[in-house]
Amino acid sequence: MTEGRGAALGRRLAERDLAAAPEALNLLESSASGDSADRSDLLRATSPGALGQEPPGYVVGITGPPGAGKSTLISAIVKELRAEDKSVAVIAVDPSSKRSGGALLGDRARIDFDPADRDLLIRSMAAGDRLGGLARPTRDAAAALSAAYDFVVVETVGVGQSETEISEVADTVCVVVQPASGDTLQFIKSGIMEIPDVLVVTKSDLGQIAQRARRDLNAALRSLGAKHTSVVAVSAAPPATGITELLDAVEEHRERSDIAAGRSERRKSQALEEFADEYGRSGLSLLGGRREAGKELSSLDPSLDVPGMVVELARRAGIALP
Ligand SMILES: Nc1nc2c(ncn2[C@@H]2O[C@H](COP(=O)(O)OP(=O)(O)O)[C@@H](O)[C@H]2O)c(=O)[nH]1
Ligand SMILES: [Mg+2]
């Protein structure tokens, strides 16, 4: 059998051929029903099952309110990682494409980069209209690109509860706040916001108010008993400062986490959601309801890719597949 388009792109990503990435993203973003088999093939070829290990790339989520300094910070992170000769893919989730998010219109990715650099990919993706969650192509892209790149950085706009959506894709979640932004402090104190893995206070070149924000956030975390979350102050305005401290904090979180377990949990919840999308309530009831479906999922091979899990669930539900 000849190798199809999705399988070929997936194989090339698995071989860390970065030139395959733009077309792979086009495929993952395609909503044409004729592309769905290729999408599955691509994800299968970059899955831990196919690679024999979790994809080697590390997925870092950068989230926070509009204007907090995320894109500027990502420019500085990219510069640092490229100086270390790490390959980097950045996915900037564009909130202006979200139906309900008209107010955020214009917050397009403003990330500085060298267009001639082949080890760097910057791509903006639509937010989609899934309430409180990332669009499927974003989740697929993070999974597939982590097979090829050393780092995948995902930028999302989030305030309060929606900040947790980034935890659907990221191995480490960095929440970005600018000085004197009492909102995030309140969200953390009141438990509205999940405690992030790393808190980043931007614009530390503004001086005292940045130091104060850092102290307040540290105090709030301590009072909540969050021992591990580091608070890092950065200035992305040249000359950038704090970027290596931030990357060290990400690395520390990576070292104390079970990355493989976190990723397979995320694939399972994505699979459950896709199964429910595709087969509806009646599909779920064939499995005995959502809870039972979740139990079926936990008995699956954790190295399966998401579409592979959906097929397996359908098979167990007795649904005839084409
Ligand atoms: N003084 C200062 N301004 C910054 C810094 N980082 C970003 N900014 C400014 O803050 C504004 C918002 O930055 P941007 O990166 O687009 O924020 P995003 O919406 O979170 O992606 C821009 O005007 C930036 O120039 C910083 O470290 N220091
Ligand atoms: Mg931005």
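## Where the domains sit

The C-alpha centres of domain 1 and domain 2 are 27 Å apart. These belong to a protein chain split into domain 1 (1-53), domain 2 (58-256) and domain 3 (258-322), with bounds taken from an automatic or database domain assignment.

Bear in mind that this is a predicted model: local features need pLDDT of at least 70, side-chain atom pairs count only at pLDDT 80 or more, and totals for chains, interfaces and linings use all residues. Residues are numbered from 1 along each chain as its sequence is written, and side-chain values use heavy atoms, leaving out hydrogens and water.

## How domains 1 and 2 meet

Domain 1 puts 15 residues in contact with 18 residues of domain 2 (contact being heavy atoms within 4.5 Å). Between them, about 1500 Å² is buried, with carbon and sulfur atoms giving 60% of that; buried area here is the accessible area (1.4 Å probe) that two parts lose on being put together, summed over both.

## Salt bridges

The rule turns up three salt bridges across the interface of domain 1 and domain 2, each a side-chain nitrogen of Lys or Arg within 4 Å of a carboxyl oxygen of Asp or Glu. Arg-123 also forms a salt bridge with Glu-29, and the closest N and O atoms there are 3.1 Å apart.

## Domain 1's side

On the side of domain 1 that touches domain 2, the elements giving two or more residues are α1 (5-14), α2 (21-29) and α3 (36-45). Helices here are DSSP runs (H or I, at least four residues), numbered from the N terminus. The largest share, six residues, comes from α2.

How values were computed
Chains are lettered from A and ligands numbered from 1 in the order in which they are written.
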